[in-house]
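Let's take a walk through this structure together. Have the sequence and the 3D view ready, and follow along from one part to the next.

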2 protein chains.
Amino acid sequence: MSARAGIVVTGTEVLTGRVADANGPWLADRLAEAGVDLAGTVVVGDRPEDMRAALAWFASLGLDVVITSGGLGPTADDLTGEVVAAFQGRPLALDEPLEGRIMKVLEGLRSRFAHLDWDSVRAANRKQAMVPHGATVLEPVGTAPGLVVPPADGTEGPTVVVLPGPPRELQAMWPMALESRALQEALGGATAYETRELRLFGIPESEIATTLEEAEAAGVDLSVLEVTTCLRRGEVEVVTRYEPAAAGAYAALEAFIRERHVDTLFSDDGTTVDEQVARTLMERGETIATAESCTGGLLAARLTERAGSSAYALGGVVAYANAAKVRMAGVDPTLIEDFGAVSTQVSEALADGALHRFDADVGVGITGVAGPGGGTPEKPVGFVCFSVVHREGRRLTRSTRMPGSREDIRDRSTTVAMHMVRRVLAGEGEPVR
Amino acid sequence: MSARAGIVVTGTEVLTGRVADANGPWLADRLAEAGVDLAGTVVVGDRPEDMRAALAWFASLGLDVVITSGGLGPTADDLTGEVVAAFQGRPLALDEPLEGRIMKVLEGLRSRFAHLDWDSVRAANRKQAMVPHGATVLEPVGTAPGLVVPPADGTEGPTVVVLPGPPRELQAMWPMALESRALQEALGGATAYETRELRLFGIPESEIATTLEEAEAAGVDLSVLEVTTCLRRGEVEVVTRYEPAAAGAYAALEAFIRERHVDTLFSDDGTTVDEQVARTLMERGETIATAESCTGGLLAARLTERAGSSAYALGGVVAYANAAKVRMAGVDPTLIEDFGAVSTQVSEALADGALHRFDADVGVGITGVAGPGGGTPEKPVGFVCFSVVHREGRRLTRSTRMPGSREDIRDRSTTVAMHMVRRVLAGEGEPVR
């Protein structure tokens, strides 16, 4: 039996979507690694009664651990500490040494906000040093300490781990929480699970559903595997979680999928296409440059997302205006006149321009109609042309039509381009004329 | 009394964070507009018992409406329809005309997936046409229809609105749900709220907390205003929701904030800095171009995010390698030698290069240390230099040090740059030497 946990994310700004929640998903991954089963994540606003209701719900499900994120800040609507203390029946008291340590952090930040009303900041932050009786304090990474709060002595119920909202602070604090005796006791003997991921590009999710059914019919024991499939940024991910004893069943499933989807399975070790492209470029000492129109810099941003990307990403041109395509990427203006700015011919010229102007080994060109305006019957919204060229003299060019919003089309285009880069690096492509 | 609602987002891929949830926040905004109070959002995996528990929890809170997103797909783990039907005590039956309409949609998509096993797709999709007795069907936007499922006749409980997971489908379907008689009845007489937003740049969130306390002390009636403050991408947002009768109290609060924060309040009408920059450029017929190093194209991508941005965004250079700074943005190599690639001098040369090479009215240059490596004592990780130059001969240049991860630093840098562009467009800046 795994320990079971729930996550409570607090904050009206998260509930209303003004801030995207990064903590729920991050904690979900950490719990999975620790072999803890996640029952659910609840997002509530800053109203104490809603937070109490969420804690009570998770308690009623018999969970072992509830993790809260947020509501530890200095403002009056930051009430998590008080609500959790009351819920666990553990009165709050000021921890003076802790208050002193928080003050030291604040003094260090003082120069950054010279125009601040300092007394009010200090008063507002004093409440961050209020600790429920018997709770374990997790040292602050920012100014807010975290807490591990067991149920009141002699009572049953979940241990509540209270973490700050800023992802950087929460992530730095989690290992301390996990090492605390209070949390270790609540988790008891959690089973460690194995997690494996397969990634495929170029097939619909429903085809994987069919494959799973056929695998089962062929004798693969799916009952011991927890298989999740999902479509993310145009790729199908098959994530399987299983107890170590089910390794044989997983191996049989993976072999079955591999045989049926040899053309589209590009990752069996959890690596993303971004990691594969980065690794290949690094290993070979090759470089890449881009010339983008409709994606407006998103591909260059994606190629430079990773630490150390300066080893292979030289840069790129965002050639949004036609004049910029000609001037900055060296596109022959007659190509634009003859075939239109959105054409495979122009995507090839953009790729060539990126290759030559940056003196790169790989050049990528993208041009398309991101919409919502600008579509025509021949080149509707979502029609995008791609070309990837390698210095060694081979090239892949294609055009496709993508569904979705302007944002979807721009994002999905970077995925299509990344896969074309992967294929060209693997040796695919036609000889350059 | 407002109607109260809860949101249940289903999908193991969302719970585990493999897919970011766009639907909860989007629905939260729509509910706020409709004057419906949102009690909370629950994310659960694809296990039917967890989804049932979430529905039961919301029912126990006495909510009027529960909205579910996801779990309507063709795969075996898509179980929302069945779970909701059972929860509401309304048996499922095949809606044959609906099945026919779904088939028509699938036929239209057939060419896109020529390699598909067609029979299994059709069988998998048949379950999407199963409808609980007495439910209102919302016509499919993709292949999955939505549902509005009232509690069983003669019983109390929330009306459940079942919507598909893909944001594009969910968003297109929501107006249909809202117009349905079943949902209208469940919502009863919801009060319409006013929502107003103020945005400030360059102060910490705690200073706004102090301002709110002082406003209350000065006689502003905060009890009739629901004020939420949050820090988003380096900006402080103050969102206030109130019933129409509290308009006077809001006006007093806004005046108080305006007086205290005149230097940092940049938006009082809900507009973002992106919208303000776009509007000013459009109104004046001016153009902008970028030369980015550490942000790697994110600023160009942000400037081209909006539909119609081709009217003012000419493009940009991503000059990641030093050679690219020289070759593609015209940076004098002696500046890089003398001051380093990360220096205000190089950021000015990048801005000038963007201005001249793209023949733009505004040029932006960014260079910095995004980390996690590459920091030095003088130029640590997070140190970023910016320059914005206007063709009319004025320039703003600054350097700053930002906290956080590589991703935070890159993202926050685009916000700093956008605010500098806004200020230069408003006439600020030193004369260009």
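This is a predicted model: local features need pLDDT of at least 70, side-chain atom pairs count only at pLDDT 80 or more; totals for chains, interfaces and linings use all residues.

**Where the chains meet**

Now step back to the whole contact between the chains. Chain B brings 86 residues to the contact, and chain A brings 86 residues as well. The size of an interface is often given as the accessible area lost when the parts come together. Here the area buried between chain B and chain A is about 6500 Å², with carbon and sulfur atoms giving 58% of that.

What about charges and polar groups? Across the interface of chain B and chain A there are 4 salt bridges. A:Arg4 forms a salt bridge with B:Asp50, and their closest N and O atoms are 3.5 Å apart. There are also 29 residue pairs in polar contact across the interface. On the side of chain B that touches chain A, strand β2 (residues 37–44) of chain B supplies the largest share, 8 residues. That side divides into 39 nonpolar, 25 polar and 22 charged residues.

Finally, turn to a sheet in chain A. This open sheet has 4 strands in the order β10-β11-β9-β12, with antiparallel pairing. Its edge strands are β10 (226–232) and β12 (265–267) of chain A. Strand β9 (residues 194–201) of chain A is joined to β12(A) by 2 bridges, and A:Arg199 has A:Ser267 as its bridge partner in β12(A). Helix α9 (residues 205–217) of chain A packs on the sheet, touching β9, β10 and β11 (235–242) of chain A.

Note on methods: Residues are numbered from 1 along each chain as its sequence is written. Chains are lettered from A and ligands numbered from 1 in the order in which they are written. Side-chain values use heavy atoms; hydrogens and water are left out. Contact means heavy atoms within 4.5 Å. Buried area is the accessible area (1.4 Å probe) that two parts lose on being put together, summed over both. A salt bridge is a side-chain nitrogen of Lys or Arg within 4 Å of a carboxyl oxygen of Asp or Glu. A polar contact is a pair of N or O atoms within 3.5 Å; within protein, one must be able to donate a hydrogen and the other to accept it, and residues adjacent in sequence count only if both atoms are side-chain atoms. Ala, Val, Leu, Ile, Met, Phe, Trp, Tyr, Cys and Pro count as nonpolar, Asp, Glu, Lys and Arg as charged, and the others, Gly among them, as polar. Two strands pair if DSSP finds at least two bridges between them. Axes are lines fitted to C-alpha atoms, for helices over the stretch in contact, and angles run from 0 to 180 degrees between N-to-C directions.
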